[in-house]
Amino acid sequence: MLAKAVSQRQQLELHYRKPGQKAEPRIVDPYHLANINGEWFLFAFDQARKDIRTFAPARIQSLSPTGKTFERTQKFSLENGCATASVSIPAQGSLRWLSAQRPRGDYIREKKWHPSQTLRDLKGGGAELKLKLSSLAEVQRWVLSWGGDAEVLKPKELVESVREAARKIIGSK
């Protein structure tokens, strides 16, 4: 139904649940459905927020066409609207990520994570990756998935978020 709505420019009402929250109704104009690194994302203009937002289809509890169609805004660009390896989010802040181990540095260098990225090679085969982001929650999970082979250098909020999550994982305060 999402792919059909994108191709036919049909407005949708979603009941969308953010993690840890109750589902809420959202009226959206679905612009693009994409599989990025094995995960699906819907890029849609959210009528209430008057902005393009990224939705994870797995969080959509129900959806139905509103009966309205829409014209896609000329300013929408998938490349300009994406961020990070695991999600696509409009760019805003920045992340500096350091990989200290050689195999991970090689992995970072071999992939285009985001159009805003810059890479810097480090001694010993590591790599520093910089990205522009607007949401840190998805990135926190992504960094933690590297199991200690990645170190967040900036922003401070992400450093603290990853540190706190690591503490919770090992059960210390």
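The following dialogue explains how to read several features of a predicted model.

Q: What conventions apply to this model?
A: It is a predicted model in which local features need pLDDT of at least 70 and side-chain atom pairs count only at pLDDT 80 or more, while totals for chains, interfaces and linings use all residues. Residues are numbered from 1 along each chain as its sequence is written, and side-chain values use heavy atoms, with hydrogens and water left out.

Q: How many helices and strands does the protein have, and in what order do the elements run?
A: Helices (H or I, at least four residues) and strands (E, at least two) are DSSP runs numbered from the N terminus. Here there are four helices and nine strands, in the order α-β-β-β-β-β-β-α-β-β-α-β-α from the N terminus.

Q: Which residues of the largest nonpolar core touch the most other members?
A: In soluble globular proteins, nonpolar side chains tend to be buried together. A nonpolar core is a set of buried Ala, Val, Leu, Ile, Met, Phe, Trp, Tyr and Cys residues joined through side-chain atoms within 4.5 Å; buried means under 20% relative accessible area, exposed over 50%, and partly exposed in between (1.4 Å probe, protein chains only). In the largest core, of 14 residues, the members touching the most others are Ile-108, Trp-113, Leu-129, Trp-142, Val-143, Trp-146 and Val-152. At least two core residues come from each of strand E8 (127-133), helix H3 (137-144), strand E9 (150-154) and helix H4 (156-170). Another core, of twelve residues, lies apart from it and includes Leu-2, Val-6, Leu-12 and Val-28.

Q: At what angle do the axes of H3 and H4 cross?
A: Axes are lines fitted to C-alpha atoms, for helices over the stretch in contact, and angles run from 0 to 180 degrees between N-to-C directions. The axes of H3 and H4 cross at roughly 55° and come within 10 Å. H3 is therefore oblique to H4, given that angles under 35 degrees count as roughly parallel, over 145 as roughly antiparallel, 65 to 115 as roughly perpendicular and the rest as oblique. In this contact (heavy atoms within 4.5 Å), H3 contributes Val-139, Gln-140, Val-143 and Leu-144, and H4 contributes Leu-158, Ser-161, Val-162 and Ala-165.
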